[in-house]
Amino acid sequence: MAFFNLLNRVEYACVCGLLNPLTKLYFCRHCAKLRCGFCVCHEVDSNFCSNCLENIPSSETKIRKNRCNTCFNCPSCQHTLSVRAANTTVPLTVAGAGDSKEGSPAASAADDPSKAKPDAAGATTNTKQVTKKMYYLACLTCRWNSHDIGLPDQTVPSGQWPEPEYPNATRFALLLEHYQSVVLHDKQERQELWRRKTLKKSQFPSLTDRTGLTVSMMRRQMGWSEGKVQLKTTPTPIKPSVASEEVDDLPEELLNAEVNLKTITTLTQRLAQPAKQSASVNQLYPQHNLLSIKRSLRCRQCDHNVIKSEYNPSSIKYRIALFASYHVPDVRLVRGPDGTDGTLLLRITNPTINEMTITIMELPTAEEERLMIQELKTATAAASETVGTSAVGAALSPAFTRVSTLLEEPRMIDRAVNATLKLPDSSFTINQRDDSAEFDEVVQGRQDEPKFIVWRKANHVAIRLGVQPKPEVAADEDVVVGFTLQYTYVNTVAEKSLASSGPTSMSGPDREQKWQALTTRIYVNLGKLQTVSEE
């Protein structure tokens, strides 16, 4: 039963040649192929704070330096800090014997004692103590609070806590401004070079003229003033840093004083505050909480979404969830071969709502795999040339060129098979997934099953296959077997296109177009080869 928790025992081959467990793969229903994390494009949809669930726009995220303004992390254990309230006594100065009213100078002195003014007539003043609610930061995990470093309490829960001053903040601001100007200058130079190299499609200016001549002529005919000409920026000069051989001597206290490890910060605490990296725990200040992101995954070949989450930060649902475990048969190792029996037991699960036909075949040879990679490269190159030569592709050539260059380079599978698998002699079917079958006591009728099928229940089938390790396999070496799994898949994209074409298109020969026979290569690690001792 331990094999059910080891995801790396059964691995699936992606189109690019990388091996991953089924839980880390995606399925593009437009391409009808498996995609790994390198075969999809990662896009950031939204930024939000995981503590207060505030949704922050991308433009504001850059200004906030990817941090939340209201939430803080504990500088000691890196957990989220909580705002706690405490009642404190504040002096209230009352002039004469009368009580102060709201809005009077005496009442304002309760909020800030420095605003209290002495009586000009020299009257006697009476000082009273009033109770006021103040707020401070505290960690419920390690019991750290803002009183440990002397941060003043705030009168409101969402108060502006004072920020520490860093010695090199000005220098970093100048460096940031300098490199931003360098990036802008390089971008303008690339755009100018690309504009010069772009060939003119016609001698007459068109509406999509990149030189802006058409726009300028139209503005003159309409009597408008010329637009603001963008000036070419130059990088802002900055004073370079100069290394110096004169270094201050280390203080004697560092060499002679007794070291107390409880007052010295750890490496994790210093890396959490890279601007200052304090050596003492008394100088650790709370840091703003880092923002989290919601990202979507897009297929790099067909440019369709594979994963798309909800925009609401508190929602964990997906708009589009094309995980491979929802469309591809799940193969699990139930029992491996032992010393007396050279067979393995595999359980295959159908995750779809349609009946699935399974055929287990041999892996392609090295020559056949090279031919498959060459055909894939040829098809990708032909698709990119078709897009570039079309009328729409010519206008959108930069975007399509960017997508085609991001495709993962296919490669040979880096996994050697050192055992022979006795394949079944026929195909078999697996029932569709039925969620109500787990609660209903449905007695399945007996049917003639092939000899390699051990048992069948709902959408699960267990099969027994023979394994024969190769003679050159050394002792204590992992035994790896592989096979090609062919399964039938109902193309829902084709079904929608057929349904939209007409009511009668789903019957007859057109109905067969939505069924596809897909293949995937699976590698199973059976564990170490054990030698049987002869007694």
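## Around His327

Set aside the neighbours within four places in sequence, and His327 is in contact with Phe27, Leu322, Pro351, Thr352, Met356, Tyr487 and Tyr489. One of these partners, Tyr489, also makes a polar contact of 3.3 Å with His327, side chain to side chain. Bear in mind that this is a predicted model.

As for where His327 sits, look in the loop between strand 13 (318–321) and strand 14 (330–335). Its relative accessible area is 14%, so His327 counts as buried, the cut-off being under 20%.

## Aromatic pairs

How many aromatic pairs are there? The count comes to five. Take Tyr26 and Phe323: their ring centres are 6.0 Å apart and their planes are at 35°, so this pair is tilted. Tyr26 belongs to strand 3 (residues 26–28), while Phe323 is in the loop between strand 13 and strand 14, so the pair links distant parts of the chain, 297 residues apart. Tyr26 is buried, at 16% relative accessible area.

Now for Phe428 and Phe452. With centres 5.7 Å apart and planes at 65°, these rings make an edge-to-face pair. Phe428 lies in strand 18 (residues 428–430) and Phe452 in the loop between strand 18 and strand 19 (453–457), so the pair ties together parts 24 residues apart in sequence. Buried or exposed? Phe428 is buried, with a relative accessible area of 4%, and Phe452 counts as buried too, at 9%.

## An aromatic cluster

Tyr26 and Phe323 turn up again here: along with Tyr318 and Tyr326, they form one aromatic cluster.

Conventions
Residues numbered from 1 in each chain as written. Predicted model: local features only at pLDDT ≥ 70, side-chain atom pairs only at ≥ 80, totals over all residues. Heavy atoms only, no water. Helix = DSSP H or I, 4+ residues; strand = E, 2+ residues; numbered from the N terminus. Buried < 20%, exposed > 50% of the residue type's maximum accessible area, 1.4 Å probe, protein only. Polar contact = N/O pair within 3.5 Å; in protein donor to acceptor, adjacent residues only side chain to side chain. Contact = heavy atoms within 4.5 Å. Phe/Tyr/Trp six-rings, centres within 6.5 Å; stacked < 30°, edge-to-face > 60°.
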